[in-house]
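This briefing covers strand pairing, helix packing, aromatic pairs and salt bridges. Please read it alongside the sequence and the model.

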Amino acid sequence: MTEAATTEHPAHVTATFAVRVADRRIVGEDIVALDLVRADGLPFPRWEPGAHIDVFLGKDDRGEQICRQYSLWGDPEDSSLWRLGILKDPRSRGGSLRIHETIAEGCELTVRGPRNHFPMEPAASYVFFAGGIGITPILPMVRRAEREGLPWKLYYLARNRQRLALLEEVGALPSEKVVLHCDDESGLIDLAAITSELRAADHVYACGPGPFLDALEKLAASAERWTFHCERFAAQTAVGPADRPFEVVLAKSGLTLQVPVGVSCLKVLRDAGTAVDWSCSEGVCGTCETEVLEGEPDHRDAVLTPSERASNETMMPCVSRARSARIVLNL
Ligand code: FES
């Protein structure tokens with residue numbers, strides 16, 4: 001069995017798998033799709049729409065492991081394949097570029113997962129917004145809504161037609177429920193007009209570029225009717241000049257550590273030899289989610305929902321800090 005490790009986490013159980021790239025194809029401009037199969041031929045674990053996996057891509061120039069998160073867009077019922085869609089990001093720090101330039105059919109990789117911080121909640125009706133590669137977590141949700149006979153509508157947006165990924169799969173959906181919108185053909189989409197038609201029962205799921213999600217989030221906040229869920233590619237707030245040092249107390253080990261300005265809490269924890277899982281170090285994957293026992297976190301991740309943030313029960317120490325002078329973690 002090639003399953004290398006199992007990681008227990010308060011919210012998830014994930015496993016690590018050796019996989020082989022069974023198929024690689026271009027599915028849009030600068031967008032590649034990979035089909036992964038387990039090297040040992042066994043089935044993958046089940047996953048739910050919205051799930052992602054970690055893909056390990058070797059070491060960078062500093063010897064740090066490169067690990068990136070990609071949404072699963074295939075059929076959750078098909079345990080023989082995990083399907084990924086990857087956009088070549090010009091700001092890539094080695095992840096998407098490495099995949100585009102070095103990963104071919106037959107390559108072997110290590111992946112971990114699945115995790116799901118973007119679960120599809122039961123609802124009477126759904127409206128989906130996808131921007132570019134943001135279609136990947138949205139597509140399985142759309143298919144599920146269709147299979148369950150629930151009302152849904154998909155707005156799929158991109159700068160131009162070449163940036164619309166997985167068009168073959170989107171084309172297999174009932175066309176009357178799908179709106180394809182390309183900015184270069186139709187100008188910017190009027191999100192305010194679309195969302196003004198939404199009803200209280202609608203659950204809105206969105207994934208795409210930050211400004212697009214910011215606009216939807218703003219409309220959702222002012223509407224106070226429909227329920228908004230989104231997945232971001234990057235956390236909204238970077239570590240900034242307003243940072244303050246704080247003390248982190250580890251309840252299990254009894255250690256007390258100081259987190260200075262300009263250094264992440266995760267780095268301080270790791271430097272002290274604390275066993276804490278981490279992956280993206282950017283507040284987007286949820287791997288480092290840690291239970292907070294005392295103190296008030298300064299949440300800066302893109303994973304927790306507003307209500308989860310308000311509860312202050314967990315935090316992502318890779319980007320989040322503390323509003324209180326002291327914070328106690330269940331580590
Ligand atoms: S390591 Fe990804 S959210 Fe912290």
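Strand E13 (residues 246–250) and strand E19 (residues 326–329) run parallel and are joined by 4 bridges. Strands pair if DSSP finds at least two bridges between them; strands (E, at least two residues) and helices (H or I, at least four) are DSSP runs, numbered from the N terminus. The model is predicted: local features need pLDDT of at least 70 and side-chain atom pairs count only at pLDDT 80 or more, whereas totals for chains, interfaces and linings use all residues. Residues are numbered from 1 along each chain as its sequence is written, and side-chain values use heavy atoms, with hydrogens and water left out.

**Mixed sheet**

- Glu 247 stands opposite Arg 326 in E19.
- E13 and E19 belong to an open sheet of 5 strands with mixed pairing, in the order E14-E13-E19-E15-E17.
- Strand E14 (256–259) and strand E17 (314–315) are at the edges with a single partner strand each, so one side of each has no neighbour in the sheet.
- Arg 326 and Glu 247 also form a salt bridge, with the closest N and O atoms 3.8 Å apart (a side-chain nitrogen of Lys or Arg within 4 Å of a carboxyl oxygen of Asp or Glu).
- Because Arg 326 lies in strand E19 and Glu 247 in strand E13, this pair ties together parts 79 residues apart in sequence.
- Arg 326 is partly exposed at 39% relative accessible area, and Glu 247 is partly exposed at 24% (buried is under 20%, exposed over 50%, partly exposed in between, with a 1.4 Å probe and protein chains only).

**Parallel sheet and its helices**

- Another open sheet of 5 strands has parallel pairing and the order E10-E9-E8-E11-E12.
- Its edges are strand E10 (178–182) and strand E12 (227–231), each with a single partner strand, so one side of each lacks a neighbour in the sheet.
- From one strand to the next, the twist averages 15° (axes are lines fitted to C-alpha atoms, for helices over the stretch in contact, and angles run from 0 to 180 degrees between N-to-C directions).
- Strand E9 (residues 152–158) pairs with E10 in the parallel sense over 5 bridges, and Leu 154 stands opposite Val 178 in E10.
- Helix H2 (residues 135–147) lies across strand E8 (125–131), E9, strand E11 (202–207) and E12, at about 155° to E8.
- Helix H6 (residues 210–223) packs on the sheet and touches E8, E9, E11 and E12, its direction making about 160° with that of E12 (contact means heavy atoms within 4.5 Å).

**Aromatic pairs**

- The count is 9 aromatic pairs (rings of Phe, Tyr and Trp, the last by its six-membered ring, with centres within 6.5 Å; planes under 30 degrees apart are stacked, over 60 edge-to-face, the rest tilted).
- Phe 17 and Trp 82 are edge-to-face, because their ring centres are 5.7 Å apart and their planes at 85°.
- Phe 17 is in strand E2 (residues 13–28) and Trp 82 in strand E6 (residues 82–87), 65 residues apart.
- Phe 17 is buried at 2% relative accessibility, and Trp 82 is buried at 0%.
- Phe 118, Tyr 126, Phe 128 and Tyr 205 form one aromatic cluster; Tyr 126 and Tyr 205 are both buried.

**Further salt bridges**

- The structure holds 25 salt bridges.
- Glu 29 and Arg 163 form a salt bridge with their closest N and O atoms 3.2 Å apart.
- Arg 321 and Asp 243 meet in a salt bridge at 3.9 Å, N to O.
- Arg 321 is buried at 2% relative accessible area, and Asp 243 is buried at 8%.
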